[in-house]
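Q: Please walk me through the local features of this model, one at a time. I would like the general idea, then the case at hand.

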Amino acid sequence: TFNPIHNGHMVTAQEALDQFSLDRVVFIPTGDPPHKVEDLLAHAEDRYLMTVIAISSNDSFFVSRAEIDRSGKSYTIDTVKELRKIYGKDAELFFITGADAILEILTWKNTDEIVTLAKFIAATRPGYDLSKIEELRSTLFRGRKEAGDGISIMEIPALAISSTDIRKRIKQGRPINYLVPEGVNNYIIKHGLYR
């Protein structure tokens with residue numbers, strides 16, 4: 001959701017770009033997330049603008065309005081299909097998400113189809129228990145050949161930073177300096193988000 005985008009997201013994107021030799025990373029703030037019911041979900045346009053601010057200095061990072069501009073709930077399957085149309089059937093698409101989020105994939109709409117259209121990169125912090133992801137791989141791919149590379153694990157030390165903690169700190173009046181890009185911090189203050 002990028003609620004808000006933080007330095008852990010940025011480090012994760014840069015590491016994926018490098019480790020998987022990606023051409024670009026497209027950040028896609030969620031429009032109307034079906035699994036997130038939060039009091040402190042900033043408006044989609046605010047989350048989009050904070051993402052634009054955060055990635056502006058990296059020529060390999062882009063922001064898409066695909067989910068924000070699409071009406072209704074934001075389902076991953078719709079976004080992946082849209083990306084497939086944009087980049088073509090031969091493009092190798094990777095969906096980068098947190099390891100905790102990937103464990104919820106079986107609750108997503110059309111999971112079986114999603115895994116045929118994109119590979120997954122599950123970002124996690126060092127020491128994370130990977131056994132549940134291994135169980136997910138065997139359930140999701142049921143012995144198919146892509147089971148091994150359908151979900152790749154990528155360890156990121158900066159993932160100790162969380163959007164939930166950032167929102168809590170803001171609500172408590174505590175600083176978020178160095179947890180989010182400076183421009184994002186300024187945007188949050190200027191617009192009074194998460195208070």
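Q: How many aromatic pairs are there by the rule for ring centres?
A: A pair of aromatic rings is described by the distance of the centres and the angle of the planes. The rule takes rings of Phe, Tyr and Trp (its six-membered ring) with centres within 6.5 Å; planes under 30 degrees apart count as stacked, over 60 as edge-to-face and the rest as tilted. The count here comes to six aromatic pairs.

Q: Why is the pair of Trp108 and Phe120 tilted?
A: The ring centres of Trp108 and Phe120 are 6.2 Å apart and the planes stand at 50°, so the pair is tilted. Trp108 lies in the loop between helix 5 (99-102) and helix 6 (111-117), and Phe120 in strand 4 (residues 119-124), so the pair ties together parts twelve residues apart in sequence. Helices (H or I, at least four residues) and strands (E, at least two) are DSSP runs, numbered from the N terminus.

Q: Is Trp108 buried or exposed?
A: Buried means under 20% relative accessible area, exposed over 50%, partly exposed in between (1.4 Å probe, protein chains only). Trp108 is buried, with a relative accessible area of 14%. Phe120 is buried as well, at 0%.

Q: Which residues do ring pairs link into a cluster?
A: Phe2, Phe27 and Phe61 form that cluster.

Q: What lies over the face of Tyr48?
A: A charge sits over a ring if NZ of Lys or CZ of Arg is within 6 Å of the ring centre and within 35 degrees of the ring normal. Arg65 lies over the face of Tyr48, at 4.6 Å from the ring centre. Lys109 lies over the face of Tyr75, at 4.7 Å from the ring centre.

Q: What should I look for in the backbone?
A: Most residues other than glycine have a negative phi, and most peptide bonds are trans. Tyr178 has a positive phi, near 70°. Tyr178 lies in the loop between helix 9 (163-171) and helix 10 (182-191). Tyr194 also has a positive phi, near 65°, and lies in the segment after helix 10.

Q: Is Tyr194 buried or exposed?
A: Tyr194 is buried, with a relative accessible area of 5%. Tyr178 counts as exposed, at 75%.

Q: Which residues does a cis peptide bond join?
A: The bond joins Asn3 and Pro4, with omega about 0°. Pro4 is in the segment before helix 1 (7-19).

Q: What is the basis for these values?
A: This is a predicted model: local features need pLDDT of at least 70, side-chain atom pairs count only at pLDDT 80 or more, and totals for chains, interfaces and linings use all residues. Residues are numbered from 1 along each chain as its sequence is written, and side-chain values use heavy atoms, with hydrogens and water left out.
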